[in-house]
Amino acid sequence: MLYRLLVFGYGKVGRAFVNELSSRKNLLEDDYLISGIVTTKGVMKEVREQFSVDYHADPFTALNKESPDIIVDAMPGNYSDGEPSKSLYIEALKNGIHVITCNKAPLALFYWDIVRYVGKGKLGFQATVMSGTPSVNLYRIVGPLKVHSIRGILNSTTNFILTKMSEGLSYDEVLRMAVELGLAEPEPSLDISGIDAAAKLAILSNFILRKKITINDIHVEGVPKNPRGKMKLIAYADRDTAYVKPEEIESHDIFFNVNDSMNALTLKGDIQDITIIGVGGGPRSAALGMLSDLTLITRYRT
Ligand SMILES: NC(=O)c1ccc[n+]([C@@H]2O[C@H](COP(=O)([O-])OP(=O)(O)OC[C@H]3O[C@@H](n4cnc5c(N)ncnc54)[C@H](OP(=O)(O)O)[C@@H]3O)[C@@H](O)[C@H]2O)c1
């Protein structure tokens, strides 16, 4: 079957998604056609490396005009009101259009306001948490497990910084190194403050634990400038609590060797615990997360 995709955002992740989709056609069962790419400048109708505008339109006009089968959101997160993504998802889902997103903010703020419109149109958001390493989609396949708590290392930048500081480097040295390696933005305040990890924890708490919380309900502490021992920025939630804070890790802890930019997630369940460890960021990994949503949504359609 042929699906028409409208992609919002042609930055690092949007480009990676478009490239990986085109180079992996032989690994996908269905056919996908990019019917347009939308940026702040307007809409480009066919894929070109250099973005150029074929017609001017805002995201909503583009959605109505193109009427795609699936939209892919690779726009930046807006932590004040989740827009324009939040309204875009609702408009798409109401019309039976599938939504795939790597943008955390709308779901971290308005999870239940958005998922109430899921029906004929499905919502894929694997890439919002741990990018291509299954977190959301891990739970999609172990849904019958009753999960009591979730615990994770959900931010690559802060794990890299804390790992290198435990090896003796100073905060400022490590931050410079993280920016040079492309692991951190020049102004990585959302990472360092713990907000990025809290957004991911809010999404997992709603999806897995069915907690009705937003990022604003999570107690958040960021990276300490003078950590003691081997610390990790731990995101934790159970029925009663949800927090992100630095914790000293013992050597028997399963997270002890999750170092540098690696991420990890443990689901503590009634039958068994499950831990998954893997790359948690980067444009190609985010693209993989969105491609896995694509195959889940289209292959297991009802
Ligand atoms: N980078 C990663 O490793 C990673 C991993 C997982 C998830 N994510 C998420 O992926 C998303 C995109 O990140 P990125 O690094 O690719 O960002 P980016 O390089 O800054 O690209 C953002 C793109 O979105 C477009 N855009 C911004 N506001 C828009 C609007 N109102 N309407 C239409 N287009 C708009 C921009 O248009 P212009 O080109 O016209 O400015 C640009 O093409 C973010 O939500 C991020 O949290 C990133």
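These legends describe close-up views of a predicted model.

**View 1. The sheet from E3 to E6.** Six strands make up this open sheet, in the order E3-E2-E1-E4-E5-E6, and their pairing is mixed. Strand E3 (42-44) and strand E6 (123-124) are the edge strands; each has a single partner strand, so one side of each has no neighbour in the sheet.

**View 2. Strands E1 and E2.** Strand E1 (residues 2-8) runs parallel to E2, and seven bridges join the two. Within this pair, Leu5 stands opposite Ile34 in E2.

**View 3. Helices on the sheet that holds E5.** Helix H3 (residues 85-94) packs on this sheet and touches strand E4 (70-73), strand E5 (98-101) and E6. The direction of H3 makes about 150° with that of E5. Helix H10 lies across E1, E4, E5 and E6. H10 runs at about 160° to E5.

**View 4. The sheet from E8 to E12.** This is an open sheet of six strands with mixed pairing, in the order E8-E10-E9-E7-E11-E12. At its edges stand strand E8 (219-220) and strand E12 (273-279); each has a single partner strand, so one side of each is left without a neighbour in the sheet.

**View 5. Strand E7, its partner E9 and helix H6.** Strand E7 (residues 147-153) and strand E9 (residues 231-238) run antiparallel and are joined by four bridges. Gly152 has Ala235 as its bridge partner in E9. Helix H6 (residues 156-166) packs on the sheet, where it touches E7, E9 and strand E11 (262-269). The direction of H6 makes about 140° with that of E9.

**View 6. Strand E11 between E7 and E12.** In the sheet order, E11 stands between E7 and E12. E7 and E11 pair in the antiparallel sense over six bridges, and the bridge partner of Val147 in E11 is Gly269. E11 and E12 also run antiparallel, with seven bridges joining them. Here Asn263 has Gly278 in E12 as its bridge partner. A hairpin of three residues joins E11 to E12.

**View 7. The shell around the ligand.** There are 26 residues around the ligand, and Gly9, Gly11, Val13, Thr39 and Thr40 come nearest. Helix H1 (12-23), strand E2 (31-39) and helix H10 (283-299) each give two or more residues to the shell. H1 gives the most, with three residues. Sorted by class, the shell has 13 nonpolar, ten polar and three charged residues.

Key
Residues are numbered from 1 along each chain as its sequence is written. This is a predicted model: local features need pLDDT of at least 70, side-chain atom pairs count only at pLDDT 80 or more; totals for chains, interfaces and linings use all residues. Two strands pair if DSSP finds at least two bridges between them. Two residues are in contact if their C-beta atoms, placed from the backbone, lie within 7 Å. Axes are lines fitted to C-alpha atoms, for helices over the stretch in contact, and angles run from 0 to 180 degrees between N-to-C directions. A residue is near a molecule or strand if its C-beta atom, placed from the backbone, lies within 6 Å of it. Ala, Val, Leu, Ile, Met, Phe, Trp, Tyr, Cys and Pro count as nonpolar, Asp, Glu, Lys and Arg as charged, and the others, Gly among them, as polar.
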